[in-house]
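Please read the points below with the model open beside you.

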Amino acid sequence: MTDVLSDEIARFVRAVGPDPDETLLEMDEYAAAEGFPHVGPEVGAFLRLLARLTDAERVFEFGSGYGYSAYWFAEALPADGEIVLTEVDEAELDLAREYMAAGGYDGIATYELGDAMETIDGYDGPFDVVLIDHQKERYADAFAAVRDEIPVGGVIVADNAITASVVAFDDLLAWAEGDAVETNDHTQGVIDYLETVRADPAFETVVVPLGEGITVSYRVE
């Protein structure tokens with residue numbers, strides 16, 4: 001994981017943010033031991049806050065891994081809410097189920113094994129919060145697939161908006177400053193996504209420098 005924040009600032013953000021419970025601490029330890037690229041507690045706390053600010057009842061994730069971001073979301077949802085986890089790796093999805101159950105959130109979680117782009121076709125909105133965190137070159141397609149399911153006041157969040165092991169920030173910066181760039185498919189996927197959401201008048205988009213960078217696109221109309 002390539003954090004945007006310095007180690008000192010990241011430690012400060014964690015220290016003043018909400019305290020993770022025992023299950024989240026265990027999930028962080030798992031990520032560290034396995035080298036799993038989860039969003040981390042700084043982004044996790046921010047995702048939970050977004051769910052609270054939007055009075056979220058339903059959340060959809062394009063890519064859930066072992067359930068880390070879903071677990072952060074879950075505490076903000078009502079008892080009759082729903083969070084849809086999608087994952088192509090069956091072992092990871094099984095682990096997500098274990099962690100969600102350990103936190104008491106299994107009752108509001110729906111687990112979908114397979115391609116999130118195919119899964120979303122089987123769901124009707126609205127979704128108050130959507131997290132896009134799968135293959136970068138498919139980010140724009142994910143936005144197109146879910147755009148009309150987001151109500152006014154809802155948000156779409158995309159991870160790796162600044163960096164990642166496969167995303168070249170120098171190329172992102174050059175693009176943002178108006179230069180033509182030739183880059184890898186992952187970085188181009190992020191560029192395509194940013195161009196798409198910034199051009200959509202129904203959404204207002206900002207980049208938040210937490211974790212590896214996230215975009216938050218708020219539906220205004």
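Which residue in E7 is the bridge partner of alanine 158? The answer is given in point 2.

1. This is a predicted model, in which local features need pLDDT of at least 70 and side-chain atom pairs count only at pLDDT 80 or more, while totals for chains, interfaces and linings use all residues. Residues are numbered from 1 along each chain as its sequence is written, and side-chain values use heavy atoms, with hydrogens and water left out.

2. The bridge partner of alanine 158 in E7 is threonine 215. Strand E5 (residues 155-159) and strand E7 (residues 214-219) run antiparallel and are joined by five bridges. Strands (E, at least two residues) and helices (H or I, at least four) are DSSP runs numbered from the N terminus, and two strands pair if DSSP finds at least two bridges between them.

3. The open sheet has seven strands in the order E3-E2-E1-E4-E5-E7-E6, with mixed pairing. Strand E3 (109-113) and strand E6 (203-208) each have a single partner strand and stand at the edges, so one side of each is left without a neighbour in the sheet.

4. Helix H3 (residues 40-53) packs on the sheet and touches strand E4 (129-132), E5, E6 and E7, and its direction makes about 5 degrees with that of E7. Contact here means heavy atoms within 4.5 Å; axes are lines fitted to C-alpha atoms, for helices over the stretch in contact, and angles run from 0 to 180 degrees between N-to-C directions. Helix H5 (residues 90-102) lies across strand E2 (82-87) and E3, running at about 170 degrees to E3.

5. The largest pocket has a volume of about 640 Å³. A pocket is an open set of points on a 1 Å grid over the protein atoms alone, where a 1.4 Å probe fits, with protein on both sides within 12 Å along at least five of seven lines, and lining residues have an atom within 4 Å of a point. Grid points are joined across faces, edges and corners, and a volume is the space filled by probe spheres set on the points. Of the 31 lining residues, Phe36, Pro37, Asp133, His134 and Lys136 are the closest to the centre of the largest pocket.

6. The second largest pocket has a volume of about 310 Å³. Of the 20 residues that line the second largest pocket, the closest to its centre are Arg14, Asp28, Pro41, Glu42 and Trp72. H3 gives the most to this lining, with five residues.
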